[in-house]
Amino acid sequence: MTTSRNRSRSTRDYQQLDAAHHINAFLDQKALNQEGPRVMAEGKGVYLWDTDGNKYLDGMSGLWCTNIGYGRQELIDAATRQLQQLSYYNTFFHTTHPAVNELSELLFSLLPGDYSHVIYTNSGSEANEVLIRTVRRYWDVAGKASKKIFIGRHNGYHGSTVGSASLGGMKFMHEMGDLPIPNVVHIGEPYWFAHGGQLSPAEFGRQCAQELEAKILELGADKVAAFVAEPFQGAGGMIFPPESYWPEIQRICRQYDVLLCADEVIGGFGRTGEWFAHEHFGFQPDTISIAKGLTSGYIPMGGLVLSRRMGEALVEHGGVFAHGLTYAGHPVAAAVALANLDTLQREGIVERVKTDTGPYLQKCLREVFDQHPLVGEIQGTGLVAALQFCQHKPTRQRFANENDIAWRCRTIGFEEGVIIRSTLGRMIMAPALVINHAEIDELIDKTRLAVDRTAAEIGVL
Ligand code: PMP
C-alpha cells in the first residue's frame, strides 16, 4: 500500500530538512544525518506507513503511548469540537474550564484506591518534575520539612529533564550534565536475569526491596521523602520484578513513612490488563505519574495523581503552592483525554487486554520463543513483553555485545515490517491495546523472522 496523501516532497527532501534543522531524540545526530531517518507519514489502528509507502505493524504503539491505536475518529472529533469552542484557557488566577473538570471526574472514577487530586502537566517528564516539588511541599505542610531525599533505582527511567532524569537511574544520562541533582540517590534494580546470581527470583526480589530499607536506615528515615519507581521498568528493558518485590517495598515505605511514588507513564491506562500497573502488582502508591496512554499520544498531556492524604493535606494547609504551567490541563488535551478514556472504557478495551488479547499474546510468545536458542527469558503480562537475548541459558550468560545484537534485530524487524524495540539485550513490545488476534499473529510471526535472522547472523541458529 502507498500512502494516500499526495506529497510534493520526497523522503530525501524530508531527511535533508531534518538534517539541516532538527536535533532528534536519544541518538548520534551526525550518524543519523548520514543514514537518514525513516519518515513516518500515516497511521491507522496498529499500522504505520512511511513516506516511501512501506507498511509497519507498530509493535511499540509509538513510544508505548497510542493505547487506542492511530486515527480514532472519536478523539479527532473531540479535539475539533473543543478547538471550536474554547481553544485555550488556563487554570491560573482563579479560573478553570469544563474540559479539565470532566476529565478529572472520569479519571478518578477509574483510579482504584483513595486518590483525591491531580496536578496536570504536558508530559511524563514534567509529571516527575512536579513530583519532586509536590512531595517536598507535602512534607513541609505535614511538618516534616527534613524529608528531602528521593530514592530511585539504577536503570529506572522517569524522563529527560533535569529533575526527572535525576530520579531516573540511567548512568549515561547522568554523565551528561552533572546529574543527579543533590538529594537524589539510587538503589539496585530488580532484574533477576542479570543480577539474581544463585538466588531464586523470590529471594532476589526480597533482597532488592531490602536494599531500600538499608538505604533508608543509612540516610535516616527523617531525611527520606519518597521512593520513586516504575511498577515494571520500561525504558530500562521491560523488566518485571519478582512477585516478592512490591509487597516488601510497600511494607518498608509504610514502616518508615516514606512516600511510595509509582511512575505509571507506561504502565497506566490498560497496558497490563488493569487500568493501572500497580493494581497488577498489588500495591497502593501515594502518587501516580501519568502521561502517554492518558491521551493515547494524540496530544501531549500528563499529570501527577495524589493520594487523599497528600491532596487534602496540601489543600487544607492553605497558602500558595508556587507552581503552574501555562498549558497544564489544556482544554483540547483534556477533551482528547476524556474521549480516549471514555472510548477505552465504553468498548471494554482494557478488560479485553486482561481476559483475551493479553493472555493470547503471552501464550503465543511462550509457544514460539520458549525453546529459541537466542532467548533466555520471556517476561510480560497483558500487552507488554520482553525477550531477553542470552548466550548460555543455564548460566544466564549474556552477550558482551548484547546492545548491538538487539539493535540489529530491531533493524531487521523494520525490514520485515514490524516495529519492536531493543533495550540493552532485550527486545520489547507493547502494541496498541486495540490489537486483534490476527494482528498479534502477524506481530509474532514477524518478530520471529527478525529474531531468527539475528540468530543466524551471529551463528546460533
Ligand atoms: N516515565 C516513564 C516510565 C517513561 O517511560 C517516560 C517516557 N518514556 C517518561 C516518564 C517521560 O515521559 P515524557 O517522554 O512524556 O516526558
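Predicted model: local features only at pLDDT ≥ 70, side-chain atom pairs only at ≥ 80, totals over all residues.
Residues are numbered from 1 along each chain as its sequence is written.

Next, colour α14 by burial. A residue is buried if 20 or more other C-beta atoms lie within 10 Å of its own, exposed if 12 or fewer, and partly exposed in between, with C-beta atoms placed from the backbone. Twelve of the 16 residues of α14 are buried, so the helix is largely enclosed by the rest of the structure. Among them are Pro331, Val332, Asn340, Leu341 and Leu344. Display α4 (73-85), α5 (98-110) and α15 as well: the buried residues of α14 pack against these helices (contact requires C-beta atoms, placed from the backbone, within 7 Å). Just after α14, select Gly348, which takes a positive phi of about 60 degrees.

Now turn to the sheet. Seven strands form an open, mixed sheet in the order β4-β10-β9-β8-β7-β5-β6; two strands pair if DSSP finds at least two bridges between them. At the edges stand β4 (115-121) and β6 (184-187), each with a single partner strand, so one side of each has no neighbour in the sheet. From one strand to the next, the twist averages 20 degrees. Select β4 together with β10 (residues 302-307): they pair in the antiparallel sense over six bridges, and Val118 has Val305 in β10 as its bridge partner.

Axes are lines fitted to C-alpha atoms, for helices over the stretch in contact, and angles run from 0 to 180 degrees between N-to-C directions.

Finally, colour the chain by domain: domain 1 comprises 38-71 + 348-457 and domain 2 comprises 74-346, with bounds from an automatic or database domain assignment. Their C-alpha centres lie 26 Å apart. Across the boundary, 30 residues of domain 1 are in contact with 24 residues of domain 2. Elements supplying at least two residues each to the domain 1 side include α15 (349-369) and β11 (375-381).

Notes: Contact = placed C-beta atoms within 7 Å. Helix = DSSP H or I, 4+ residues; strand = E, 2+ residues; numbered from the N terminus.
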